[in-house]
Amino acid sequence: MLVTVLIIISFLAERVAPYNKMFNIAQNDTKRDCLHAVVNESLTLLGLLLLPFLEGVITVIDLWPDKWPLTIQLLLAIVIADTGITLMHYASHHYSILWRFHAVHHSVKRMYGFNGLMKHPIHQLLETGAGVIPLLLIGVSVDILAVLAVAVVIQLLLQHSNVNYFYRPFHRILALNVVHRLHHLNTKEGNVNFGLFTTLMDRVLGSARIELRDRISMSDIGIATQPNYPVNYLEQLTQPFAREGALDS
């Protein structure tokens, strides 16, 4: 229910203060994006339901500071998860086998909030694992992971949103939509800004870019090497297994 409310708020904000009005026009993608969102968020919910059975089971060393205030615990969880997810995201642009699955996310023809929930389910599992497993290994609690899951959904909606919200000077540290749009450019110029929550790992990797462009249009995004990438949901699920799915980003 909360995810549905967040999506509705995202859509309303995009109508009130759009970055690019053209991004609000459907490109034969509404049904597909809804299917991606339902499937992927259902997987997230399933994962949360399984967490109580995993809590403590795969803990290697109990280092989690469970006596700290919940807000500080959440911030720590975000930083750790952001590191793992960013590294997986970075690898997905540099290794063909991972790009096959990540390409689904980059095949979009416009930038709007729902893009954040549009992922191949296998790639979502890979990114989720990269962010969550390190936390489980050091004994994080299920409660913190549940709040983290909500934070991830909020950030994915914000990061991909077609909303012209204020950003200076926060775009230097936070992975806001204004810097993430640069990541979706369909040229080598887009090989930047892999972070989910922050630009910290991008600075370590040398992939941070905060110099902004005046305007990004639909012709600037997508996959240049695969302009005819499948639009249908089921075809997108099978595309990573096709020979052409291995084309570079």
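**Briefing: pockets, cores and cavities**

His 106 is in contact with His 89, His 93, Trp 99, His 183, His 184, Gly 222 and Ile 223, leaving aside neighbours within four places in sequence. The model is predicted. Its largest pocket has a volume of about 690 Å³. Its largest nonpolar core has 26 residues. Three cavities of 30 Å³ or more are counted.

- His 106 lies in helix α4.
- Its relative accessibility is 4%, so His 106 counts as buried.
- His 93, one of the contacts of His 106, is found in the loop between α3 and α4.
- His 93 is buried too: its relative accessible area is 12%, and the cut-off for buried is under 20%.
- From His 93 to Leu 158 the separation is 65 residues in sequence. In space, their C-alpha atoms are 22 Å apart.

**Largest pocket**

- The volume of the largest pocket is about 690 Å³. Its lining has 29 residues, and the closest to the centre are Thr 44, Gly 47, Thr 128, Gly 129 and Val 132.
- Four helices each supply at least two residues of this lining: α2 (30–54), α3 (70–92), α5 (121–137) and α6 (142–160).
- By class, 20 of the lining residues are nonpolar, six are polar and three are charged.

**Nonpolar cores**

- Within the largest nonpolar core of 26 residues, those with the most contacts are Leu 117, Leu 135, Val 140, Leu 145 and Leu 148. Two or more residues of this core come from each of α1 (2–16), α2, α3, α5 and α6.
- Helix α6 gives the most to this core, with eight residues.
- Leu 117 touches Ile 7, His 36, Ala 37, Asn 40, Glu 41, Leu 156 and Leu 157, not counting residues up to four places away in sequence.
- A second, separate core has 15 residues, including Tyr 19, Trp 99, Leu 182 and Ile 221. Trp 99 is also among the contacts of His 106.

**Helix α6**

- Helix α6 has 19 residues, so at 1.5 Å a residue it should span 27 Å. Its end C-alpha atoms are 27 Å apart, which agrees.
- The buried residues of α6 are Val 142, Ile 144, Leu 145, Leu 148, Ala 149, Ala 151, Val 153, Gln 155, Leu 156, Leu 157, Gln 159 and His 160.
- Two of these, Leu 145 and Leu 148, are among the residues with the most contacts inside the largest core.
- Leu 156 and Leu 157 are among the residues that Leu 117 touches.

- The largest cavity holds about 110 Å³ of space. It is lined by 13 residues, and the closest to its centre are His 89, Lys 119, Glu 127, Leu 156 and Gln 159.
- Helices α3, α4 (96–106) and α6 each give two or more residues to the lining of the largest cavity.
- The most come from α6, with three residues.
- This lining divides into four nonpolar, seven polar and two charged residues.
- Tyr 19, Val 178, Arg 181, Leu 182, Leu 212, Arg 213 and Ile 216 line the second largest cavity.
- By class, the lining of the second largest cavity has five nonpolar, no polar and two charged residues.
- Tyr 19 and Leu 182 line the second largest cavity and also belong to the second core.

Note on methods:
Residues are numbered from 1 along each chain as its sequence is written. This is a predicted model: local features need pLDDT of at least 70, side-chain atom pairs count only at pLDDT 80 or more; totals for chains, interfaces and linings use all residues. Side-chain values use heavy atoms; hydrogens and water are left out. On a 1 Å grid over the protein atoms alone, a cavity is a set of points where a 1.4 Å probe fits but cannot get out, and a pocket is an open set with protein on both sides within 12 Å along at least five of seven lines; lining residues have an atom within 4 Å of a point. Grid points are joined across faces, edges and corners, and a volume is the space filled by probe spheres set on the points. Ala, Val, Leu, Ile, Met, Phe, Trp, Tyr, Cys and Pro count as nonpolar, Asp, Glu, Lys and Arg as charged, and the others, Gly among them, as polar. A nonpolar core is a set of buried Ala, Val, Leu, Ile, Met, Phe, Trp, Tyr and Cys residues joined through side-chain atoms within 4.5 Å. Buried means under 20% relative accessible area, exposed over 50%, partly exposed in between (1.4 Å probe, protein chains only). Contact means heavy atoms within 4.5 Å. The expected span of a helix is 1.5 Å times one less than its number of residues.
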